[in-house]
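Here is a short tour for anyone who likes to read a fold with the model open beside the text. Please take a look at the structure first, and then follow the points below.

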Amino acid sequence: MYQVEASKALLKPRLWRSRTARLRVPRNVIMLGAVSLLTDISSEMVATVLPMYLIFSLGASPLVFGAIDGTYRGAAALVQVLSGFTSDRWRRHKEVAGLGYGLSALGKVALVAAGNTVGGIGAIVAVDRVGKGIRTAPRDALISLSSAKDKLATSFGVHRAMDSVGAMLGPLIAFGILFLAPARFDAVFVVSTLFAVLGLAVLILNVEGKPRRAPREGAPPQLRAALALLKDRSFAPLLLAAAGLSIASVSDALIYVGLQRTIDFEPAVFPLLYVMTAISFMALAIPVGQLADRVGKVPVLLAGHALLFIVYAVLLMTSVGYLALAVCLVALGGYFAATEGVMTALAGAVLPERLQASGIGILITVVSLGRLVSSVAFGALWFAIGLQSAVLVFGASLALAMALSAPLLLRAQRTAADG
Amino acid sequence: MDSRGGKITVALVVACVLFGGGYVVYAALGPSQTTTDASPTAAAVPADAAVMVRAVDPSSPALNGGVFVVEDGKVRRRSKDLACERVYYAAGGGICMGVAPSGVDYTASVFDADYQPIHSMRLTGLPSRARVSADGRYGAMTVFVSGDAYLSSPTAFSTRTYLLDMKSGEQIEQLEQFDVEKDGAPFDAVDFNFWGITFDPTDSDRFFATLGTGDHHYLVEGSVEGREVKVLRDGVECPSLSPDGKQIAFKSRIEDTNRWRLHVLDVATLADHPVAEKRSIDDQAEWLDDDTLVYSDGENVYTVPAGGSGEAALLIRDATSPVALRN
């Protein structure tokens, strides 16, 4: 096994080996990172200006926008599981992911061509969300299948860091264009379309659809096999732990609302909260991934969740200075860096090669359902017993969830190492 | 495959940079505007009342419009530079909220009796409501905050309401940070939204506003200095106190819709009645005098008797955000 991999590595073009040697990240992961970076620039450009475009150019009321925004958020969940299984079944992860990226790119083209009615934009937003739902699981499966098992967390760290660079650049580029060409939303949409097309092109032209760990033999997996993952002796504990941890974690949106309520800061500072968190995430994603590959994914995952205690502590403080706020946001970025990507990497290590996308699709859906439960529960608690008590309850739940999930995660990791 | 794919990718990048850059340059050289040249016209002459409005271009209602005063049937622009989506003025100080030149950002300015801006600030959302207390001490602004991808659930849209010190023009408080009391007990929820402040004409520390949470839209009464509000009753949006402080005009939501009827309630009893305007109105009404409301449907300004009788009458064409100027 080792020799096969080594000889294959020798066959790779020298250019890419030297460029990626320091991080030892497979070229395919870098390329998938580039695809995500370009696609995120494209969608964040639109997301940044869409509400203003709707209201300013189309005369929609903010309430209409709220409806457009909220309607399709749930649609992605079911699509993820289906697209994950389909791409495993057909062994065409790249093509299914390409369909998702293609749909989003098509949505941007439609925005340029026909985005002048509120209903039309609603449809385009829906298509974009479905596209995102389709591409996530097969894309993550490709990242996983492109990486050696002991380098998975680094690969996901690199991908997530590149992804978030795109999410940061998108709004900057949109505002840059509007600075040069005030109120010309069409220019933003055209440039966004170009980024989406470039992302799709990089996927088609530069991403290897059958990477090193991709299954090449054996019968295509049946739906029964994918469903059996729910009872799998290593994947089921991981799912259970992921569900528990996501339910016990307060969503970032609510953390921001809480901070806003607790801290007396200038409204202009508010957008900076996201920026600081994103920068922290971006900076930490790769080193934390490398750390997880070195010391184990489970301890890093648990340490990442422990960072939430810092965030909760700041929410409990009666007066918060800018230093405490900065510490809180860096911790929040660290929490993101050490959890989502590392959890997916752990799944990638645990799952059999032929069911990577199915498993990751299930994991994403379980985690997003967990987050939904968490948000509803936190909102209800906030209403019933107040913000501070709700935070205390969630702090205690998180400690409990961590204690319960540690053995589950370790069992998942151990069986993965055995297999 | 690698080198061929790489070459095609590089060629595509070059083509996209050229085309995208070219399009941005073309757009930058093309026309773009955030302010309309429209001006309002007087349709009726109200008895001894001057009304300040903001001009609106009905085909592009979100463009900033000039600030005009309509008096004795004559329309006069107040300042060449002042243009907004929402305006208010009282006792020598005003608030002008509007879209920034970029078209995606919003700004507000506090201006003085000469219509000169004394302070400007970036708004975190779309201009919604503006008020200044009758003594010119406090100002209030409500903005819609939507489209924050981060603020997905549990609130589809949210509002923020800021209190301003009109002397310095600077923000002093954010209503979201006030303590709330309902039925004698502290009251809090994640989806609290405040909007539409109105100040007591005789005591600017006292104000009324709407607190939205879940399906409820509570009328709250508060104190600026005390940093607290208490819930009075449900079903009241965008309250507006009459000059004598005895009545509140407000938007009464038609159940499960985003449509509203204008109602007036008695502050002492909290009982309310509809006015004669039959259309849905999304505005914080203003009082022309103790018996007459003045408001906009987004295109024109109308009056209607507050008592519930009579009918709505067109006052000013192509104008919104009416302000009754009192001396």
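This is a predicted model: local features need pLDDT of at least 70, side-chain atom pairs count only at pLDDT 80 or more; totals for chains, interfaces and linings use all residues.

- Asp183(B) sits in the loop between E14 and E15 of chain B, and its positive phi comes although it is not a glycine.
- Is Asp183(B) buried or exposed? Asp183(B) counts as exposed, because it has 7 C-beta neighbours inside 10 Å and the cut-off for exposed is 12 or fewer.
- E14(B) and strand E15 (residues 185-186) of chain B run antiparallel and are joined by two bridges.
- Strand E14 (residues 179-182) of chain B also has three bridges to strand E19 (residues 228-233) of chain B, and here the two strands run parallel.
- Glu181(B) takes part in both pairings: its bridge partner in E15(B) is Pro186(B), while in E19(B) it stands opposite Lys230(B).

**The sheet E6 to E9 in chain B**

- Four strands of chain B make an open sheet in the order E6-E7-E8-E9, and their pairing is antiparallel.
- Strand E6 (86-90) and strand E9 (117-123) of chain B stand at the edges with a single partner strand each, so one side of each has no neighbour in the sheet.
- On average, neighbouring strands of this sheet are turned by 15° against each other, direction ignored.
- How many bridges join strand E7 (residues 93-99) of chain B to strand E8 (residues 106-112) of chain B? There are seven, and the two strands run antiparallel.
- In this pairing, Val99(B) is found opposite Tyr106(B) in E8(B).
- The loop between E6 and E7 of chain B holds Ala91(B), another residue to check by its backbone: its phi is positive, at about 45°, although it is not a glycine.
- Ala91(B) has 16 other C-beta atoms within 10 Å and is therefore partly exposed.

- Strand E12 (residues 158-165) of chain B and E13(B) run antiparallel and are joined by three bridges.
- Tyr162(B) has Gln174(B) as its bridge partner in E13(B).

**Chain A as a whole**

- Chain A has 17 helices and zero strands.
- Of its 419 residues, 55% count as buried.
- Among contacts in chain A between residues at least 6 apart in sequence, 87% join residues at least 24 apart.

**Helix pairs in chain A**

- Helix H8 (residues 152-180) and helix H13 (residues 270-295) of chain A have axes that come within 7 Å and cross at roughly 170°, which means that H8(A) is roughly antiparallel to H13(A).
- The residues that meet here include Gly157(A), Ala161(A) and Ser164(A) in H8(A), and Ala278(A), Ala285(A) and Gly289(A) in H13(A).
- Helix H11 (residues 235-248) and helix H15 (residues 322-350) of chain A pack at an angle of about 165°, with their axes 10 Å apart.
- H11(A) and H15(A) are therefore roughly antiparallel to each other, and their crossing is left-handed.
- Phe235(A), Leu238(A) and Ala242(A) in H11(A) meet Met343(A), Leu346(A), Ala347(A) and Val350(A) in H15(A).

- Because 19 of its 22 residues are buried, H9(A) is largely enclosed by the rest of the structure.
- Met402(A) belongs to helix H17 (residues 387-418) of chain A and counts as buried, with 21 C-beta neighbours inside 10 Å.
- Not counting residues up to four places away in sequence, Met402(A) touches Leu302(A) and His305(A).
- The C-alpha atoms of Met402(A) and Leu178(A) are separated by 46 Å, and the two residues are 224 residues apart along the chain.

Technical notes. Residues are numbered from 1 along each chain as its sequence is written. Chains are lettered from A and ligands numbered from 1 in the order in which they are written. A residue is buried if 20 or more other C-beta atoms lie within 10 Å of its own, exposed if 12 or fewer, and partly exposed in between; C-beta atoms are placed from the backbone. Two strands pair if DSSP finds at least two bridges between them. Axes are lines fitted to C-alpha atoms, for helices over the stretch in contact, and angles run from 0 to 180 degrees between N-to-C directions. Angles under 35 degrees count as roughly parallel, over 145 as roughly antiparallel, 65 to 115 as roughly perpendicular and the rest as oblique. A crossing is left-handed if the near helix is turned anticlockwise from the far one by less than a right angle, and right-handed if clockwise. Two residues are in contact if their C-beta atoms, placed from the backbone, lie within 7 Å.
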